[in-house]
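User: I've got this one open and would like to talk it through with you. Can we begin with the overall picture and then go into one region?

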Amino acid sequence: MLFLKNILFTTSYLLIAPKLTSHIIAGVGANKSCSKIPTITSLSTTAESPASSSTTAADGDTTKMDVEFKYESGKSSVAFVTTPDDKIAKKLAHGLVERKLAACVNIIPNIQSVYMWEGKVNEDNEYLMMIKTQTTHVEELTKWIRDNHPYSVAEVITLPIEKGNLPYMKWLAESVPEKK
C-alpha cells in the first residue's frame, strides 16, 4: 500500500513540476520536458477582450492562454507500465508518443518489484513508465503495450486524473485529442 501511495505522490508531484526529472521522453526526444508548459502568472478579463491570462513558459516566453478551457475530471488518465530495462521503456515511450496515444511518458529508473509468478516470489529491478493520455485512448494504449511489450503479462494500470495544472491539462488535451 505504501508503494502505491508513493507512486500517487510521485505522479501528483511530477504533474505539477514536470521538469524535475531528467528521465522524460517527449515527442521531440529524450531528456526534454514533456513540453514548455506555460504557467499562469496573472488573470485578466477586460471588456475589450475575451477572458485570457498572461502565461510565461519555462523559457520566459509570454503568451496568452484561453481560460475558456475547462478540465473535466477523469477526461485524462495516467497509465503505469513496468519494463525490464530503459531501452524497452524508451522504445515503448517513443511509440506511444509518435502514435498520439500519449502526450508524455516519464521513465522512472531502478524500482524494485516483488511479485508472485508461477508459484514463486520474484524480485526484479524494473523501470516504471508514467504515461499521460486521454481516457478515451486507454483501451488502444493498453492493446498497443500488450502487442509490443516483452512480458507475457504486461502491467498496464490506469488512474483517472481528477485535477491538474490547467495549462498542463490543456496541453495534454491538445497533444492527444480525444477519440470521438
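User: What share of the contacts between residues at least 6 apart in sequence join residues at least 24 apart?
Analyst: In this predicted model, 65% of the contacts in the protein chain between residues at least 6 apart in sequence join residues that are at least 24 apart.

User: And which elements, in what order?
Analyst: The protein chain has 4 helices and 9 strands, and from the N terminus on these elements run α-β-β-β-β-β-β-α-β-β-α-β-α.

User: How much of it counts as buried?
Analyst: Of the 180 residues of the protein chain, 41% count as buried, while the accessible surface comes to about 10600 Å², with 56% of that belonging to carbon and sulfur atoms.

User: Switching to strands 7 and 8: how many bridges join them?
Analyst: Strand 7, residues 104-117, and strand 8, residues 120-134, run antiparallel and are joined by 12 bridges; one of the pairings is between cysteine 104 and lysine 132, the latter in strand 8.

User: What's in the turn?
Analyst: The two strands form a hairpin with 2 residues between them, and glutamate 118, in that turn, has a positive phi of about 50 degrees.

User: Is glutamine 134 buried or exposed?
Analyst: Glutamine 134, which lies in strand 8, counts as buried because its relative accessible area is 3%, under the 20% cut-off.

User: Which residues does it touch, leaving aside neighbours within four places in sequence?
Analyst: Apart from those neighbours, glutamine 134 is in contact with Lys75, Ser76 and Ser77, and also with Leu172, Ala173, Val176, Pro177 and Glu178.

Key
Residues are numbered from 1 along each chain as its sequence is written. This is a predicted model: local features need pLDDT of at least 70, side-chain atom pairs count only at pLDDT 80 or more; totals for chains, interfaces and linings use all residues. Side-chain values use heavy atoms; hydrogens and water are left out. Two strands pair if DSSP finds at least two bridges between them. Buried means under 20% relative accessible area, exposed over 50%, partly exposed in between (1.4 Å probe, protein chains only). Contact means heavy atoms within 4.5 Å. Accessible areas come from the Shrake-Rupley method with a 1.4 Å probe; for residues, only the protein chains shown count as cover.
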